Amino acid sequence: MMPHLPVMQVMVPLLAAPLCALVRNGRLAWAIAVASSWGAFWIAWEIFQVVHSIGAISYSLGGWTASEGGIEYRIDALGAFVLMVVTLVGAVVTPYALESVRKEVDKSKQALFYAAFLLCLAGLLGIVVTGDMFNVFVFLEISSLSAYALIGLGKDRRALRASYQYLIMGSVGATFIVIGIGMLYVMTGSLNMANLAILLPELPANRTIPVAFAFLTVGVCLKLALFPLHMWLPNAYTFAPSAVTAFIASTATKVAIYVLLRLFYTVFGADYSFLEMQLGTYLLPLSLIAIFSMSLVAIFQTNVKRMLAYSSLAQIGYIILGISLFSSTGMTASILHLFNHAVIKGCLFMALGCVMYRLNSVELDDMMGLGKKMPLTMGAFLVGGFGLIGVPFTAGFISKWYLIQGALEKGLWPVAVLVLLTSLMAVAYIWKVVETVYFSEDPGSVNSDCSEAPLGLLIPTWTLAILCVYFGIDATLTTFGASSAVASLMGIGS
Amino acid sequence: MSALSFLNYWFVIILMMVGFYVLIAQGNLVKKIVGLNIFQTSVFILYISAGKITGGTAPILDAQWSVYSNPLPHVLILTAIVVGVATSALGLSLVVRIKEAYGTIEEDEIARMDESL
């Protein structure tokens, strides 16, 4: 069993998915989903420990090694860290889904919901474990296709349009990625990332590799919704069922960022990506525009889910900003924020799911005076909101601290100022919610007779809220995971 | 001559641009999917062309032949075709549900209906 952990990581949710579709019973399918997502979390934890005691794991699928043209699964410190992020969110969201999905998805589709959910999880985990470029594309499409289906399950008819838009944009991104992979294969005859890393620098100067680099970068940036390729994201997050938003917002874009890091550092190599292609000069301004403009747009939203969707775009900007600094501190900040933002946004979207459960709405106007009626839900929202702003003793503070340090190291003090300034903008939009919820009287609107959300929703929400505070006070585990991930990336890169 | 020897790739580029243009310019949701399909097909041809070796046969072990096409790109594209079919199927089923919910599949009309909410 133990030597097969890398493949089990993918197989457990992948095999549980058709099982869910077969049982046709919502509750039973949910039980399968919880069991397999917890199983996946346990496997990720085991892998994390193995990677940190004996180093990167390599697994040849079916016993065919990479040199024989086989597919290699390869997990290093970065992969192990991202696996932890994805499976942690998966393990928390699946128990939450039971009540939330019962309310928001038709009864006949509930079992299929869990099937699609597990397929999405399997796809995301597959992207992280694989060491084969084409496998990345296949898993990316498994996770994306199931994500489109999940978003389309939203009750509002605008969910369908959001899902369609995402499908078109996502497929264009995926096709760009295939073009890039094809060009790499044509030039080197290999699809294995480690082989490519050796073969690419040996090639004589040519035009194909820069073009492949551009196609791959743009394709992946579409998937991770970097400004200006973000148009699909706000609607998709706003109209998807709450559990789906919580899961996808915390994992899908994060895994796309992982792919970006793999490409830049492992496949092409840091010297090629950042020195020869001058990637930093493109990513830095884009990420700054993303942070600033998306925070600004978030302030003016009246739908809280949409507000947080725009805030997610800004947070993706922070992560890309850390990458574009091209230093170990910046990278540590990015990888830390990848984890912290997953926890924070998961917590916030789950708290909103609780509101949705009681009110059937997340419009600010309907949430007046909600703090008294749903104190636990709004308490979790407040903790998450503090995390988003980066208040000390929350997880968000740690990653922003590293980010500002990274910017100052490079002498980019205006960037550091902008990070602080946009944190104030986060205060503005979170405050708007706090003011409505705690400091305005209920005018006797839709929420007049609502009560606290059920425990099945509150426990998972508070789990993430507590983690958000815990990793703000004791960040040993996360910084250890992030800095060893950076070390493994930079080690291969140089 | 050199331009003609890359004939496949010229077709790939033409198809790619046609597909991409249809995808962007068309307001009809079904036509957008058609554009996406053409766009994806161009990439299939790109891969398959790359696997072709002049004078090579099908990659079947036989004492008579020693030169054969590279089967790996073909196999990869088989997978990509499956992904493309799944994408089209999902996209079209979304269009069906959009038609049921909105009564139209024209993008601008749907946008107008959403704005008036």
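Me: In chain A, what share of the contacts between residues at least 6 apart in sequence join residues at least 24 apart?
Reply: That share is 80% in chain A, where two residues are in contact if their C-beta atoms, placed from the backbone, lie within 7 Å. The model is predicted, so local features need pLDDT of at least 70 and side-chain atom pairs count only at pLDDT 80 or more, while totals for chains, interfaces and linings use all residues. Residues are numbered from 1 along each chain as its sequence is written, and chains are lettered from A and ligands numbered from 1 in the order in which they are written.

Me: And what's the figure for chain B?
Reply: Among contacts in chain B between residues at least 6 apart in sequence, 44% join residues at least 24 apart.

Me: How many helices and strands does chain A have?
Reply: Chain A has 20 helices and two strands, helices being DSSP runs of H or I with at least four residues and strands runs of E with at least two, numbered from the N terminus. Its radius of gyration is 21 Å, close to the 23 Å from the globule rule for 494 residues, so chain A is as compact as a globular protein of that length. The radius is taken over C-alpha atoms, and the rule is 2.2 Å times the number of residues to the power 0.38. Along the principal axes, the C-alpha atoms of chain A fill a box of roughly 70 × 55 × 40 Å.

Me: Which residues have the most contacts inside the largest nonpolar core?
Reply: They are Y114(A), L118(A) and C347(A), in a core of 232 residues; a nonpolar core is a set of buried Ala, Val, Leu, Ile, Met, Phe, Trp, Tyr and Cys residues joined through C-beta atoms within 7 Å. Helix α14 of chain A, residues 328-359, gives the most to this core, with 19 residues. Leaving aside neighbours within four places in sequence, L118(A) is in contact with residues including P13(A), C20(A) and S36(A).

Me: Switching to the strands, in which sense do β1(A) and β2(A) pair, parallel or antiparallel?
Reply: Strand β1 (residues 57-60) and β2 of chain A pair in the antiparallel sense over four bridges, where pairing requires that DSSP finds at least two bridges. Y59(A) stands opposite Y73(A) in β2(A). From β2(A), residues 72-75, E72(A) and R74(A) point one way while Y73(A) and I75(A) point the other, and all are buried.

Me: Now the backbone: where is there a cis peptide bond?
Reply: It joins F227(A) and P228(A), with omega about 0°, and P228(A) lies in the loop between α8 (208-224) and α9 (233-239) of chain A. Most residues other than glycine have a negative phi, and most peptide bonds are trans.

Me: Last topic, the interface: how many residues of chain B are in contact with chain A?
Reply: There are 26 residues of chain B in contact with 23 residues of chain A. On the side of chain B that touches chain A, α3 (29-51), α4 (71-102) and α5 (107-115) of chain B each supply at least two residues, and α4(B) gives the largest share, 14 residues.

Key: A residue is buried if 20 or more other C-beta atoms lie within 10 Å of its own, exposed if 12 or fewer, and partly exposed in between; C-beta atoms are placed from the backbone.
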